[in-house]
Amino acid sequence: MDQKINLQYKTENEFFNPRGFFNLIKLDFFRIGYSLILAPFIVSLVQIILVLLNAVIAYYTGRFEPISLNYSFYFFADLFIGIISTSNILKPIHSNEKGISFYTLGASLFEKILSLWLYSFLFYYLFSYIAVFLSSFIVSLLSYLFFHISTTPSLLTDSLIYFENFSLYSLLTYLFIHSIFFLGSAIFKKLNFFYTILSIIVISICFNIVTGIFVKLVIPLDYFRYNIASLSNLLQNIIQFIMTHKYLPTLISIIFSILLYFVTYIRVNEQDLKGE
């Protein structure tokens, strides 16, 4: 009996167990994963309906100009919904009943957070990408077959156009935004999305105020008057350096995202220790 308890304790407190983590991913699929994966395809269904409706109207009114797919808009809509979902993904830790279920699950805290991260960020992004591409390809095909109307861009003749419009930059941008709202879901107990946005606004305003006060107190006004040319050149050199080394903003955003995820981990762990 004691041996079974020790084995169970070891499994639950092991930092990362591949086999247990795979089982956790399967469990999270039925808990939250299926709804996150389904969301992009619902948006894509809306895209198909709207574009085909536009094609029907164009066909019966004699307008045979190419129809714009606007897949960038639908991809953005997918990611926006993903951010809203992310802002609520750690909400169970603020509830007594659901919190107990979350913390007593037979997996390490790292595995639990990593599983949620995979579903809300990586899997969601990939399925959003796939869903928008498939829906754009379907409406291009149906519009041409049934109404003889082409789409702009035409994914039938050049599917690579779609992939050229999305890059690593969009993935890293989503990573950065995701890390902010992932942390917000761990901090706020309700209205997580709105409180996170409000926090971003407040922090930005406070940062600008503090920076302005610091500059005014540390750097004399006369220095600005007589060295405005030097400051302008310095600013241009900094901008030119950043533009020359384009990896710097990307590197900074990645580091900042990792830092926010680490803070999220600490916050969720503190919630467990407090027993809130």
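1. Arg31 is partly exposed, with a relative accessible area of 40%. In this predicted model, Arg31 forms a salt bridge with Asp28, and the closest N and O atoms are 3.0 Å apart. Side chains of opposite charge can pair when their charged atoms come close.

2. Asp28, the partner of Arg31 in the salt bridge, counts as buried, because its relative accessibility is 1% and the cut-off for buried is under 20%. Both residues belong to helix α2, where they sit 3 residues apart, about one turn of the helix. A search of the whole structure finds 1 salt bridge.

3. Helix α2 covers residues 18-60. A kink of about 65° in α2 is centred on Phe29.

4. What happens at the ends of α2? Just after α2, Gly62 has a positive phi of about 80°.

5. Helix α2 also takes part in a nonpolar surface patch. The patch has an area of about 650 Å² and is made by Leu38, Phe41, Ile42, Val46, Leu50, Ile130, Leu134 and Ile138. Which helices each supply at least two residues of the nonpolar patch? They are α2 and α5, the latter running over 109-147. The most comes from α2, which gives 5 residues.

6. Leu38 is one of the patch residues and lies in helix α2. Its relative accessible area is 45%, so Leu38 is classed as partly exposed.

How values were computed
Residues numbered from 1 in each chain as written. Predicted model: local features only at pLDDT ≥ 70, side-chain atom pairs only at ≥ 80, totals over all residues. Heavy atoms only, no water. Patch = residues over 30% accessible without salt bridge, like charges linked within 9 Å, V, L, I, M, F, W, Y side chains within 5 Å. Areas by Shrake-Rupley, 256 points an atom, 1.4 Å probe, with all protein chains shown as cover. Salt bridge = Lys/Arg side-chain N within 4 Å of Asp/Glu carboxyl O. Helix = DSSP H or I, 4+ residues; strand = E, 2+ residues; numbered from the N terminus. Buried < 20%, exposed > 50% of the residue type's maximum accessible area, 1.4 Å probe, protein only. Bend = angle between axes of the 7 residues up to and from the residue.
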